Each structure stands twice: as structure tokens, then as C-alpha cells.
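Dear colleague,

I am passing on the structure below, and I would be glad if you could read it alongside the notes that follow.

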Amino acid sequence: MSAGELAQINAIRKACAALGTFTLAGCEIYSSCEPCPMCLAAIYWARLEAIYYGCGQQEAAKAGFDDAFLYEEIRKGMPHRSIPCTQLLQTEAWEAFATWIAQPAKVEY
């Protein structure tokens, strides 16, 4: 993965560190290219309010950064994705969430 592919995530991390918060509500992000699925997810998690970009998915693909497969996989239901996904130990896994929920000093996301 190149530095360019992580540029938006690195920008989010730096902005959060500078502001001392995990949320960037009220902020915008500017990028030379439309965010890849990973960066787009990070943008939504950080609660940015707008994305401004230069090149789109088609231009990124021409430069060798073709994420079309990932966008298609995301649209598919779990049983139809190319990498099998199997849920295991749901009850045991829930214990981590239950512990989180019980913490009185947690920061709500």
C-alpha cells in the first residue's frame, strides 16, 4: 500500500491529534482523488461533513489504483462475496461489547 493510498487516513489521524478528538464533525477533507473504500469508511467514522476531490474512480484506475472490485464486493451480501465470511462464537464475542457498555467512563461514539 502506497503513501498516497493512506493519505486521507493520515490526514484524519493528524487532524484528530491536533484537535484532541476522534471526531471531525464540522470539518471537510480535500483530496487529489476520490477516496478508496478504506479511506471513505474512515471519513464516515470521523464524521467529516464534506469531501472535495479532483480525480474520480476512473482516473484512479487508469493510474493503477482500480478499486472497482472492492466497490462491487461491498454491494454484495455476505454469502456472495469472494472471501467467505463465517460468524463464530457470537455469545463469547458479545462479552467485549457488554464490558464496553458497562463502563461508566466510556466515550460514546
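A crossover is called right-handed if, with the strands pointing away from the viewer, the path from the first strand over the helix to the second runs clockwise. Helices (H or I, at least four residues) and strands (E, at least two) are DSSP runs, numbered from the N terminus. The model is predicted, so that local features need pLDDT of at least 70 and side-chain atom pairs count only at pLDDT 80 or more, while totals for chains, interfaces and linings use all residues. Residues are numbered from 1 along each chain as its sequence is written, and side-chain values use heavy atoms, with hydrogens and water left out.

A right-handed β-α-β unit is made by S1, helix H2 (residues 37–46) and S2. Strands S1 (residues 28–33) and S2 (residues 50–55) pair in the parallel sense over five bridges, pairing being assigned if DSSP finds at least two bridges between two strands; Glu28 has Ala50 in S2 as its bridge partner.

Buried here means under 20% relative accessible area, exposed over 50% and partly exposed in between, with a 1.4 Å probe and protein chains only.

As for H5 (residues 90–102), zero of its 13 residues are buried, so this helix lies largely in the open. H5 has a kink of about 25° centred on Ala96, the bend at a residue being the angle between axes fitted to the seven residues ending there and the seven starting there.

With best wishes
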